[in-house]
Amino acid sequence: MGLSLFSRLAEVSVEEGKYEEAFQYQKSYINVFEEAFNSDKLDKTKQLEIKYERELQNQKLMRLRLEGEKKEQQIKLMKALNDRQNQLVENLKLNELNVPNS
C-alpha cells in the first residue's frame with residue numbers, strides 16, 4: 001500500500017509541476033520498495049538456512065543410526081563367535097569324557 005501511495009503522490013506532484021516534491025516521493029517509494037524487497041530476501045534466506053540446518057541434522061542422525069546398526073551387527077557377530085567357541089570347548093570336554101583312559 002505504501003508503494004502505490006508514494007508512486008501516486010509522485011505522479012500528482014509531477015502533474016502539478018512540483019518536481020522537488022515528486023523527487024522526494026519517488027525516493028520514499030524506492031526506500032519502501034528496497035526495504036520490502038530486502039526483508040523478503042532476508043526471510044527467504046532464513047528459511048533456506050533453516051532447511052539446510054535441518055538437512056544437516058537429518059544426515060547426522062542417519063549416520064549415527066547406521067553406525068549404531070553396524071556396531072549392533074558387530075556385537076551379534078562377536079556373540080555368535082563366542083557361542084561357537086563355547087560349543088567347541090563343550091565338545092572337547094565331552095570327547096575327553098568319552099575317550100577311555102589308557
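These legends accompany several close-up views of a predicted model. Local features need pLDDT of at least 70 and side-chain atom pairs count only at pLDDT 80 or more, while totals for chains, interfaces and linings use all residues. Residues are numbered from 1 along each chain as its sequence is written, and side-chain values use heavy atoms, with hydrogens and water left out.

**View 1. Helix α1 alongside helix α2.** Here you can see helix α1 (residues 2-15) and helix α2 (residues 19-98), whose axes come within 8 Å and cross at roughly 165°. That angle makes α1 roughly antiparallel to α2 (over 145 degrees counts as roughly antiparallel). Axes are lines fitted to C-alpha atoms, for helices over the stretch in contact, and angles run from 0 to 180 degrees between N-to-C directions. The helices are DSSP runs (H or I, at least four residues), numbered from the N terminus.

**View 2. The residues where α1 meets α2.** From α1, the contact (heavy atoms within 4.5 Å) takes in Leu3, Phe6, Ser7, Leu9, Ala10, Ser13 and Val14. Their partners in α2 are Tyr19, Glu21, Ala22, Tyr25, Gln26, Ser28, Tyr29, Val32 and Phe33. By type, the residues of this contact divide into 11 nonpolar, 4 polar and 1 charged (Ala, Val, Leu, Ile, Met, Phe, Trp, Tyr, Cys and Pro count as nonpolar, Asp, Glu, Lys and Arg as charged, and the others, Gly among them, as polar).

**View 3. The aromatic pair of Phe33 and Phe37.** The structure holds 1 aromatic pair (ring centres of Phe, Tyr or Trp, the last by its six-membered ring, within 6.5 Å). Phe33 and Phe37 form this pair, which is stacked, at 6.1 Å centre to centre with 10° between the planes (stacked means planes under 30 degrees apart). Both residues lie in helix α2, 4 residues apart, about one turn of the helix. Phe33 is partly exposed at 42% relative accessibility (partly exposed lies between buried, under 20% relative accessible area, and exposed, over 50%, with a 1.4 Å probe and protein chains only). Phe37 is partly exposed too, with a relative accessible area of 42%.

**View 4. Ile50 and Lys71 in helix α2.** Ile50 is partly exposed, at 47% relative accessible area, whereas Lys71 is exposed, at 52%. Lys71 and Glu34 are 37 residues apart in sequence and 55 Å apart in space, C-alpha to C-alpha.

Key:
Helices (H or I, at least four residues) and strands (E, at least two) are DSSP runs, numbered from the N terminus. Angles under 35 degrees count as roughly parallel, over 145 as roughly antiparallel, 65 to 115 as roughly perpendicular and the rest as oblique. Rings of Phe, Tyr and Trp (its six-membered ring) pair if their centres lie within 6.5 Å; planes under 30 degrees apart count as stacked, over 60 as edge-to-face and the rest as tilted.
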